[in-house]
Amino acid sequence: MSEVTLPTEVQRIDVGDAEIHVEVTGSGPDLLLVAGLGGRGAFWANQVQEFAQHFRVITFDHRGCGDSTPDKVVYGAEHMAQDVLAMMDAMGIKQASLVGHSTGGAIGQHIALEQPERLSKLVLSCSWAGPDTYLTELFRTRREILISCGPLAYLTMGTYLAMPSSILQPQMSSARKFMEERLAAFPGLEVELSRINAVYTHDLRSRLHHIKVPTLCIGSSDDQITPPGFTQEMGELIEGAQTHLLARGGHFAPIAATADYNPRVLEFLTA
C-alpha cells in the first residue's frame with residue numbers, strides 16, 4: 001500500500017528585511033529541513049513526503065535564493081541562523097527538530113549553541129565544524145572559478161563534485177538542458193559570493209562541545225566536499241552525538257542515497 005501524497009501549503013514569511021518562501025507539508029511535531037549552499041527548499045524533494053508521514057515538515061528558500069526576496073546577501077552562517085529563528089517566531093514555532101545539510105548544518109550549530117531550547121533534535125548532514133586546508137582550498141578555487149569563468153563553469157564544477165557519477169551520468173542525456181536548469185536557479189554573483197564566504201568563515205570547532213541538543217551526525221564515505229572526517233569530528237566534539245557514515249551518496253546524499261539516508265534520519269528523529 002503506497003503512502004498518500006500530502007498537500008503542501010505555501011507561505012511567505014517576513015523576517016524583517018526579507019521575505020522567505022516557505023512550504024509546509026504534513027502535521028505533527030515541527031521539523032525544519034535546512035538546505036545547504038544552494039539555499040533552496042527543493043533540495044529536500046526526496047525527503048518531504050516520507051518525513052511528513054511523521055512530522056509537520058517545513059522547507060524554505062534562504063534569503064536571496066529561490067522564491068525568497070532576491071538580491072539579499074548573507075553575513076555568515078550566524079546571519080542565516082537568525083533568519084531561521086525569525087521565521088520560527090513569525091510562524092509561532094517554539095521548538096522544532098532541525099535537519100541541516102552542509103551549510104544548513106552550520107546554521108543548525110549556531111542555533112543549538114545560541115538558543116538550544118528552540119531545538120528538540122539536530123541532524124548535521126554532510127556538514128563540518130570548522131575548515132581545514134582541504135575545505136579552504138576547495139572553496140577558494142570555487143570562488144575563483146565563479147569570478148573568472150562565470151556561473152556556468154562554477155555550477156558545473158559544483159555539480160560534478162557533489163553528485164556521485166553513477167547518479168549524475170544517467171541524468172545528463174543533454175548537458176545543456178541539465179545545466180540550464182541549474183543556471184536558472186543561480187541567485188546572482190554578489191549573493192553567491194556572500195554565501196561562499198559564509199562557508200569560508202564558519203568555524204565553531206572550539207564550541208561544539210557545548211551543544212547539548214540530541215544530535216545525529218550523518219555523512220558519506222565518498223563525499224568530496226565535506227569528507228567523512230568532518231562528520232566524524234563533529235560526532236566526537238558533541239557529547240552523546242550519534243555518528244553514521246553512508247557507504248555511498250557523495251555530498252548530495254539526501255538525493256543520491258535516499259533509500260539509505262531517509263530511514264537512518266527518521267530512526268533518529270522518531271526515537
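Which residues point one way from β5, and which the other way? In this predicted model, Ala 96, Leu 98 and Gly 100 point one way, while Ser 97, Val 99 and His 101 point the other way.

**View 1. Strand β5 is mostly covered.** The strand spans residues 96-101. Six of its six residues are buried. That holds for the residues pointing one way and for those pointing the other way. In a regular strand, side chains alternate between the two faces of the sheet.

**View 2. Strand β5 pairs with β3 and with β6.** Strand β3 covers residues 30-34. Four bridges join β3 to β5, and the two run parallel. Here Leu 33 stands opposite Val 99 of β5. Five bridges join β5 to β6, again in parallel. In this pair, Gly 100 stands opposite Leu 124 of β6. From β5 the chain passes through α3 to reach β6. This β-α-β crossover is right-handed.

**View 3. Helices α2 and α3 cross at roughly 70 degrees.** Helix α3 holds residues 103-114. The axes of α2 and α3 come within 8 Å. The crossing angle falls between 65 and 115 degrees, so α2 counts as roughly perpendicular to α3. On the α2 side, the contact is made by Ala 77, Glu 78, Met 80, Ala 81, Val 84 and Leu 85. On the α3 side, Thr 103, Ala 106, Ile 107, His 110 and Ile 111 take part. By class, the contact has eight nonpolar, two polar and one charged residues.

**View 4. Thr 59 lies in strand β4.** This strand spans residues 56-60. Thr 59 counts as buried because its relative accessibility is 5%, and the cut-off for buried is under 20%. Not counting residues up to four places away in sequence, Thr 59 touches His 21, Val 22, Glu 23, Leu 33, Gly 41, Trp 44 and Val 48.

**View 5. Asp 71 and Cys 126 have positive phi values.** Most residues other than glycine have a negative phi. Asp 71 has a phi near 60 degrees. For Cys 126 the value is about 50 degrees. Asp 71 sits in the loop between β4 and α2. Cys 126 sits in the loop between β6 and α4. Are these residues buried or exposed? Asp 71 is exposed, with a relative accessible area of 62%, whereas Cys 126 is buried at 1%.

Definitions and conventions. Residues are numbered from 1 along each chain as its sequence is written. This is a predicted model: local features need pLDDT of at least 70, side-chain atom pairs count only at pLDDT 80 or more; totals for chains, interfaces and linings use all residues. Side-chain values use heavy atoms; hydrogens and water are left out. Buried means under 20% relative accessible area, exposed over 50%, partly exposed in between (1.4 Å probe, protein chains only). Contact means heavy atoms within 4.5 Å. Axes are lines fitted to C-alpha atoms, for helices over the stretch in contact, and angles run from 0 to 180 degrees between N-to-C directions. Angles under 35 degrees count as roughly parallel, over 145 as roughly antiparallel, 65 to 115 as roughly perpendicular and the rest as oblique. Ala, Val, Leu, Ile, Met, Phe, Trp, Tyr, Cys and Pro count as nonpolar, Asp, Glu, Lys and Arg as charged, and the others, Gly among them, as polar. Two strands pair if DSSP finds at least two bridges between them. A crossover is right-handed if, with the strands pointing away from the viewer, the path from the first strand over the helix to the second runs clockwise.
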